[in-house]
Amino acid sequence: MLNYVGKSIPKYDVMGHVTGKTVYPSDVKMPGMLICKTLRSPYKRARIHSIDISEALKVKGVHAVITKDDVPYNKFAMYPDQDVLAEEMVRFKGQNIAAVAADDKATALEALSKIKLDIEELPAVVDPREAMKEGAPLVRPEGNRYLFDGKYPTRKIRKGNIEEGFAEADFIVEGSYRTTSQEHAPLETCSSLAYIDGTGRLVIHSKSQGLFFTQWDLANVFQIPLSKLKLVGGTIGGGFGGMLSIHTDHIAGLLALKTRRPVKFAFTREDEMLHSSVRNPWFFKYKDGIRKDGVITVRQVELIHDCGGYSEMGMYVLEKSVNYIAGPNKIKNVWVDGTLVYTNKMPSGAMRGFGVNVGQFAEQLQTEKLARTVGISPFDIRFVNSFKEGDLAHAQNPLVAVSGIEVLQKVAKMAGVELPEKYLAMSSKDSGEGGVRND
């Protein structure tokens, strides 16, 4: 590693990218390739009474029109509760309802216009705080809150005694923070090309960032063995976590299996912005106790994650956020409640940090607020409370390779901040001798 740190090393694939020679999934074309377009829900929450595709099938140049009835197993995603093509109830605007494979884009769009959709708009809920209230429209039959381990509405961390922590504190500091919805906006939009090769295998050129996860998921949708499914990928024009969710592979594959022709399904830029998975909003509420010397005696946090209409990666990112939300601080008394809430919005997928960095954004703002309240430097708060090697994290796992203090020292130097000698003498490897401990 030390042979590379601090040196400029050419990225192994940079020449292909900067010379335009790299072939991305959206670049791949095949003779006889069909174009896929999908019919999407115009409503956030709705009931589908009927779908009539008979007129769409009559359009010259249309080779297939599929609905939920054509999908061998109509569920997918990490937590497989999401419909490939909508069942009776629609959970978010833009949810796929039907798909067409045609000779070209214009023909596919004409066929979509011929589909007779009897759909009833229903009251929707888009704010997770409203979705948690009694009487809110149900996003899913089981309720709007995910039940961890099948029975618990919150993921909890309990450590120490928060009442004792508040009693010990000189100040009680509360803060509420939130993040908004974010789209990954990769240069290359979601795109798939699916076809049947000479051996009878279904081949999909995919933008997936997790090819083997995607392969398992797709094999389940198609109900074919893994030996009959080949994914080609690894080169993507931007992902940032968004390509861990399946957007086009499943529908392109279904149409290739049905037509036995190559099928291309590529998002337009508008599709990408409106219909790909996003990072949905988070809400954080802190209540801290802190002493005059900067020691945080207690941290109580409530966090809510809006996961949209389906689970997607919601449980995974919430679990990680709960584990890290108290920050890189050794705090004696910790109380965390994390809630995953369903709303009538696009499902929330992965995005840089898997729920950790949004929580750290809130935690760092709270740290600044603590410093202003106590009247000390934010560096004081961070040094005094910093984890050290061998400490137990809030989830009770031993910490190894801790370097928080060294990072703080480096940041202070880069920012031109002169630290007191006691902080310059500290080390993350020091268990307390000669340093400043908060216990």
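Visitor: How many of the 11 residues of helix H7 (residues 249-259) are buried?

Guide: Happy to. First, a word on what you are looking at. This is a predicted model, in which local features need pLDDT of at least 70 and side-chain atom pairs count only at pLDDT 80 or more, while totals for chains, interfaces and linings use all residues. Residues are numbered from 1 along each chain as its sequence is written, and side-chain values use heavy atoms, leaving out hydrogens and water.

Now to your helix. Nine of the 11 residues of H7 are buried, so the rest of the structure largely encloses this helix. Buried here means under 20% relative accessible area, exposed means over 50%, and partly exposed lies in between (1.4 Å probe, protein chains only). Helices (H or I, at least four residues) and strands (E, at least two) are DSSP runs numbered from the N terminus. Among the buried residues of H7 are Asp-249, His-250, Leu-254, Leu-255 and Thr-259.

The two sides of H7 are worth a look as well. Most residues other than glycine have a negative phi. Arg-260, which follows H7, has a positive phi near 60°. On the way into the helix, Phe-240 lies in the loop between strand S13 (229-232) and H7. Phe-240 is not a glycine, yet its phi is positive, at about 60°. With a relative accessible area of 30%, Phe-240 is partly exposed.

The division gives domain 1 (14-122 + 185-274), domain 2 (125-182 + 278-385) and domain 3 (386-438). Taken over C-alpha atoms, the centres of domain 1 and domain 3 are 49 Å apart.

Next, the nonpolar cores. Such a core is a set of buried Ala, Val, Leu, Ile, Met, Phe, Trp, Tyr and Cys residues joined through side-chain atoms within 4.5 Å. The largest has 36 residues, of which Phe-284, Leu-303 and Val-336 touch the most other members. Elements that each supply at least two residues of this core include strand S15 (282-290), strand S16 (296-308) and helix H10 (356-374). A second, separate core has 31 residues, including Ala-64, Leu-218, Leu-231 and Met-243.

Rings of Phe, Tyr and Trp (its six-membered ring) pair if their centres lie within 6.5 Å; planes under 30 degrees apart count as stacked, over 60 as edge-to-face and the rest as tilted. The count comes to nine aromatic pairs. Tyr-146 and Phe-148 have ring centres 5.0 Å apart and planes at 85°, so they are edge-to-face. Phe-265 and Phe-267 also form an edge-to-face pair, at 5.8 Å centre to centre with 70° between the planes. Phe-265 is buried at a relative accessible area of 2%, and Phe-267 is buried at 5%. Ring pairs also link Tyr-79, Tyr-146 and Phe-148 into a cluster.

Tyr-79 is one of the residues in contact (heavy atoms within 4.5 Å) with Ser-311, which lies in the loop between S16 and H9. Leaving aside neighbours within four places in sequence, Ser-311 also touches Asp-81, Tyr-342 and Ser-348. At 0% relative accessibility, Ser-311 counts as buried.

Conventions
Domains from an automatic or database assignment.
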